[in-house]
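The sequence and the model are shown first.

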Amino acid sequence: MLPFAYDALAERFATIRPWAKNAIGDATNRCAICMGYTLRLTPSQDDATIQTIMNADLKTSFQRAPPLAGGPQPGVLPGSGRPLGGLSQLFFIRASELLPRVQRAFGPADIEGVCRDVTPKVLGRKGVLYLENCYQTSGDKRRSFLFFQWTNGDHWDLFDGTTIVAQEDRLAGNRHGGQLYFWQAR
């Protein structure tokens, strides 16, 4: 179980989502940025960050973003001993790299398994969801066939008991065969 009340998670999630959209735009998946901030986690030295994928357009957009109230500040990442160049090094960019950090910080998921099998156990509970291999990336679409579709896109989101918050989509009836991880809020 997470050490946070759902309302506190929802407040931090609502703060970071518009900031992240302003900072990096719509072209880059923002779920790891948003959930890392919501759960108060920052990347380790070997985790990919926004800086890892930084290009000229993203750098300009990111530098124009307003300060993030209550967010991580540039300085030295605890445990790294290395100075940080800015906020771009303080946010996860890959959903899959956030999973082991969440597991280290908060323990194994309260509910874990194939999404279509464990969804009924999650319904009615509030917390954080991680869905593995749940949507098609642009690379998946190139490799897919009419009757066989690759899905290797992962997604982090807040879950209010019925709805995947950022996606504004109900979890009930989700039939994908990827893994679902769920940490319940207090």
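## Surface and burial

The accessible surface of the protein chain amounts to about 9800 Å², and carbon and sulfur atoms account for 49% of that area. The model is a predicted one. The protein chain has 186 residues, of which 47% count as buried.

## Secondary structure and contacts

Six helices and six strands make up the secondary structure of the protein chain. Their order along the sequence is α-α-α-α-β-α-β-α-β-β-β-β.

Contacts between residues at least 6 apart in sequence were also examined by their separation along the protein chain. Of these contacts, 73% join residues at least 24 apart.

T38 belongs to helix 2, which spans residues 31-38. T38 counts as buried because its relative accessibility is 0%, under the cut-off of 20%.

Which residues does T38 contact, once its neighbours within four places in sequence are left aside? The contacts of T38 are with L9, R12, F13 and I16.

## Cysteines

How many disulfides does a search of the whole structure find? The search returns zero disulfides. C34 is accordingly in no disulfide, and the nearest cysteine sulfur, that of C31, lies 7.8 Å away. For a disulfide, the two cysteine sulfur atoms would have to be within 2.5 Å.

Is C34 buried or exposed? C34 is buried because its relative accessibility is 5%, and the cut-off for burial is under 20%. C115 is likewise buried, with a relative accessible area of 0%.

Most residues other than glycine have a negative phi.

Where does E168 lie? E168 is in the loop between strand 4 (163-164) and strand 5 (169-170). With a relative accessibility of 69%, E168 also counts as exposed.

Technical notes:
Residues are numbered from 1 along each chain as its sequence is written. This is a predicted model: local features need pLDDT of at least 70, side-chain atom pairs count only at pLDDT 80 or more; totals for chains, interfaces and linings use all residues. Side-chain values use heavy atoms; hydrogens and water are left out. Buried means under 20% relative accessible area, exposed over 50%, partly exposed in between (1.4 Å probe, protein chains only). Helices (H or I, at least four residues) and strands (E, at least two) are DSSP runs, numbered from the N terminus. Contact means heavy atoms within 4.5 Å. Accessible areas come from the Shrake-Rupley method with a 1.4 Å probe; for residues, only the protein chains shown count as cover.
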